[in-house]
Amino acid sequence: FILQKAGEGTGCIAAKSFPKKDPVKLTKAIKTGFNGSSQWGFGRYELKELDIQNGRVVFDLHDSVFEYDVESSKKFVKDQHFLIGFYKGFYSVIFDEEVYCKYSRLINNDRPYYRFEVMVRYPLS
């Protein structure tokens, strides 16, 4: 997937501005970066879980710029290759280890959004 590889490169570059050596500063930076409007312009983040020590982050992305298909303003894009790549690249640099990223499409009050789960270890389930 070309879009995923492009996202990984972009995510790696974006992670370089985050303080990886200091867990307290890193936690604060992730909480700031993944709560509220995206500093990258992807949409609005809502951090659900952050476990720096075990390399796990869960967040929702609302009002994503990647939410709709180019051909239709009403069709929800099914596969988010660029965003998966971005978060894989970003968190691989942050955790200094390859990460896995899975996502799901959820709906709340007739509004679709994405939930991303990034983790260092691949889940067994």
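Predicted model: local features only at pLDDT ≥ 70, side-chain atom pairs only at ≥ 80, totals over all residues.
The buried residues of helix α2 are covered by, among others, β2 and α3; contact here means heavy atoms within 4.5 Å. Residues are numbered from 1 along each chain as its sequence is written, and side-chain values use heavy atoms, with hydrogens and water left out.

**Overall layout**

- The protein chain has three helices and five strands, arranged along the sequence as α-α-β-β-β-α-β-β. Helices (H or I, at least four residues) and strands (E, at least two) are DSSP runs, numbered from the N terminus.
- Of the 125 residues in the protein chain, 41% count as buried. Buried means under 20% relative accessible area, exposed over 50%, and partly exposed in between (1.4 Å probe, protein chains only).
- Take contacts in the protein chain between residues at least 6 apart in sequence: 48% of them join residues at least 24 apart.

**Helix α2 up close**

- On the buried side of α2 you'll find Leu26, Ala29, Ile30 and Gly33. Looking down the axis of α2, these buried residues fall within an arc of 95°, so they line one face of the helix. The arc is that of the directions from the helix axis to the C-beta atoms.
- Val24, Lys28 and Thr32 are exposed, on the face of α2 turned away from its buried side.
- The N-terminal end of α2 is capped by Asp22, with a side-chain oxygen 3.0 Å from the backbone nitrogen of Val24.

**The nonpolar core**

- The largest nonpolar core has 28 residues, and the ones touching the most other members are Phe34, Phe59, Tyr87, Phe90, Tyr91, Ile94 and Phe116. A nonpolar core is a set of buried Ala, Val, Leu, Ile, Met, Phe, Trp, Tyr and Cys residues joined through side-chain atoms within 4.5 Å.
- At least two residues of this core come from each of α1 (2–15), α2 (23–33), β2 (44–51), β3 (56–62), α3 (81–95) and β5 (111–119). Helix α3 gives the largest share, nine residues.
- Beyond its neighbours within four places in sequence, Tyr91 is in contact with Ile30, Phe34, Val57, Phe59, Asp96, Glu97, Val99 and Val118.

**Aromatic pairs**

- There are 26 aromatic pairs in the structure. Rings of Phe, Tyr and Trp (its six-membered ring) pair if their centres lie within 6.5 Å; planes under 30 degrees apart count as stacked, over 60 as edge-to-face and the rest as tilted.
- Trp40 and Phe90 have ring centres 5.5 Å apart and planes at 70°, so this pair is edge-to-face. Trp40 sits in the loop between β1 (36–37) and β2, and Phe90 in helix α3, 50 residues apart.
- Trp40 is partly exposed at 23% relative accessibility, whereas Phe90 is buried at 0%.
- Phe59 and Phe116 make a stacked pair, because their ring centres are 5.6 Å apart and their planes at 20°. Phe59 belongs to strand β3 and Phe116 to strand β5, 57 residues apart.
- Phe59 is buried at 0% relative accessibility, and Phe116 is buried at 0% too.

**A buried glutamine**

- Gln80 lies in the loop between β3 and α3 and counts as buried, at 4% relative accessibility.
- The Gln80 side chain makes a polar contact with the side chain of Tyr114 (2.6 Å). A polar contact is a pair of N or O atoms within 3.5 Å; within protein, one must be able to donate a hydrogen and the other to accept it, and residues adjacent in sequence count only if both atoms are side-chain atoms.
- Setting aside neighbours within four places in sequence, Gln80 is in contact with Phe66, Tyr103 and Tyr114.
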